[in-house]
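Please keep the sequence and the structure at hand while reading.

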Amino acid sequence: MPKCKNCGEKMPKGFSYCGVCGADMVTGMIPWSKKDTSKESITDIDTVTKVNDTKIPKVSMTPSQDIDDFINDAPKSEPIKQPINNVTPPPQQKFTPLESVQTTPNTKPVQKQPINNVTPPPQQKFTPLESVQTTPNTKPVQKQPINNVTPPPQQKFTPLESVQTTPNARPVQKQPINNVTPPPQQKFTPLESIQTTPNARPVQKQPMDTQKPAYIPKPTPNATPIEMVKVPDVTNIAQDEARAKLERLGFKVSITTENSEVIKANLIMSQSVRTGTNVTKGSEIKLVASVGSWSEWSVDKVLDTNMYAVEQKKEFRFRSRTREIETHESSERNLPGYTCIDQRTVYSDWEDEGYYTTEDRPTSETCDISTNLIGFKYCGYFYIGSEYSINMCYSTKRSALIFNPNTKPEDWEYIETVLYQDIPSETVDWYSNDDNERVTPAGDTIDCNIKMTSYYVDGKRYAMKYGSLSTEWFLYHKRTAMETVYTYKREYFTEWSEWSNWVDSAPRQDELNEVEARILYRARRKTSKEL
């Protein structure tokens with residue numbers, strides 16, 4: 001089906017003029033009007049012109065338009081009385097009224113057949129279209145006026161009493177039928193009712209025959225055509241570029257701003273008319289541009305608070321050090337920068353005296369008891385050399401050397417032990433080490449006249465014995481004071497550490513922590529509502 005070049009509506013083949021806007025199907029021109037009647041306010045319907053003392057409301061039916069198309073395409077809106085103005089009825093012609101056109105909700109639309117070239121008998125009477133009822137929430141039909149049509153003389157039209165519509169429907173733009181000259185004695189039979197169903201698929205209209213319609217409107221000189229322009233996509237481009245692009249196409253442009261976390265500043269976020277929609281040239285397109293989001297935090301203060309919303313926050317950084325205590329020992333009595341906290345005497349190592357005694361001495365830092373035993377003390381000099389095997393013990397080193405002249409003084413050592421045991425003495429004959437004679441020249445066994453007394457303890461023969469079972473023996477050890485050593489200390493702080501990163505909180509500043517603070521600012525452009 002061909003489309004109207006003016007409003008884009010599809011019309012059946014054979015139509016010379018659009019049944020919606022009245023434009024020429026070939027040129028798209030509206031021949032009988034110099035202005036865009038699609039923008040007339042519905043309040044103009046109250047205008048009524050008296051013809052032969054009869055009120056004739058305005059309607060939007062064209063001579064080439066099928067009445068079925070007009071009624072079926074009528075918007076479902078509030079009942080509005082439309083006068084028919086400036087119509088001179090033919091003499092004694094009467095039209096029978098179209099009683100009602102009713103539409104039923106949720107029924108499929110009726111395929112409409114055109115009524116062409118019907119010549120009514122003489123004395124045709126026209127009765128007003130009593131009511132046209134429509135269904136709510138349907139789109140309004142743009143109606144174009146029928147102009148410059150001169151009716152036959154003495155034609156009389158009865159007013160369209162009422163056009164009833166449903167509340168909350170879009171208003172119907174009303175166009176008057178002016179200067180219509182019907183053929184003489186033509187009679188039209190009324191279409192009793194046309195019932196349609198909302199939400200049904202549209203019915204393809206059957207084409208009319210190629211015969212010219214009974215009423216052909218005469219073109220109006222210097223008529224201005226309605227130019228439709230397709231809306232381009234201007235999102236995600238700069239404001240100035242979007243404005244220039246739309247204004248070159250003849251649109252009016254208004255821009256508001258909003259914040260966006262996604263769209264960069266100065267780019268268009270949305271447009272009020274969907275891309276690809278055909279709208280009248282000169283229509284207003286509303287654009288919403290992004291002013292971006294918050295800037296990065298900076299120490300630079302934003303001065304222009306009229307254009308920018310500003311936030312601020314405080315950040316901290318810190319560095320720390322530790323307190324250290326150094327200790328130092330010295331034999332000096334005073335050491336500058338230090339505090340003496342202790343002193344001590346340095347002694348030599350302890351050395352045992354090596355002999356048990358019954359003397360009870362007082363102890364001190366240089367003398368102390370090493371061993372304390374009770375019982376008998378057994379002692380004497382023993383041979384510690386390696387040249388000879390001498391098992392005898394002597395009371396003195398001199399006696400040992402006299403009886404053993406081949407030995408040296410350092411070969412003899414004084415040894416004593418304390419034993420809580422009373423060991424009896426034994427007599428031992430003494431012989432020289434190199435004396436092998438054991439018999440006399442007469443062959444008699446020699447009876448040694450040198451006798452030595454000894455005490456046999458743990459495999460050794462001690463020459464002497466002292467004390468009793470109740471004797472208390474003490475073994476002392478001694479040491480010598482070498483010097484006095486003083487202990488000093490001093491407190492000091494380490495070097496400051498590196499500054500930390502900037503954070504939202506920091507430790508309390510004291511001698512161990514140093515804190516710095518700064519104020520950061522961030523800004524964003526104010527939106528249209530904030531300005």
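## Nonpolar cores

In the largest nonpolar core, which has 14 residues, those touching the most other members are Val231, Val234, Ala242, Leu246, Phe251, Ile285 and Leu287; a nonpolar core is here a set of buried Ala, Val, Leu, Ile, Met, Phe, Trp, Tyr and Cys residues joined through side-chain atoms within 4.5 Å. Two or more residues each are given to this core by α2 (239-248) and β11, where helices (H or I, at least four residues) and strands (E, at least two) are DSSP runs numbered from the N terminus. Strand β11 supplies the largest share, 3 residues. Apart from this core lies another one of 11 residues, among them Phe382, Tyr455, Val457 and Met464.

This is a predicted model, in which local features need pLDDT of at least 70 and side-chain atom pairs count only at pLDDT 80 or more, while totals for chains, interfaces and linings use all residues. Residues are numbered from 1 along each chain as its sequence is written, and side-chain values use heavy atoms, with hydrogens and water left out.

Leaving aside neighbours within four places in sequence, Ile285 is in contact (heavy atoms within 4.5 Å) with Val231, Leu246, Phe251, Lys252, Val253, Ser254, Ser272 and Val273.

Ser290 belongs to strand β11 (residues 284-290) and counts as buried because its relative accessibility is 1%; buried means under 20% relative accessible area, exposed over 50%, and partly exposed in between (1.4 Å probe, protein chains only). A polar atom of the Ser290 side chain lies 3.3 Å from the backbone oxygen of Lys264. With neighbours within four places in sequence again set aside, the contacts of Ser290 include Glu258, Ser260, Ile263 and Met269.

## A sheet of three strands

An open sheet of 3 strands is ordered β13-β22-β14, with antiparallel pairing; two strands pair if DSSP finds at least two bridges between them. Strands β13 (323-330) and β14 (339-347) stand at the edges with a single partner strand each, so one side of each has no neighbour in the sheet. Direction ignored, neighbouring strands of this sheet are turned by 20 degrees against each other on average.

Strand β13 and strand β22 (residues 481-493) run antiparallel and are joined by 8 bridges, and Ser330 stands opposite Tyr486 in β22.

## Cysteines

With a disulfide taken as a pair of cysteine sulfur atoms within 2.5 Å, the count comes to 0. The cysteine sulfur closest to that of Cys7 is in Cys18, at 3.8 Å, which is too far for a bond. Cys7 is partly exposed, with a relative accessible area of 23%, and Cys340 is also partly exposed, at 35%.

Technical notes. Polar contact = N/O pair within 3.5 Å; in protein donor to acceptor, adjacent residues only side chain to side chain. Axes fitted to C-alpha atoms, helices over the stretch in contact; angles between N-to-C directions.
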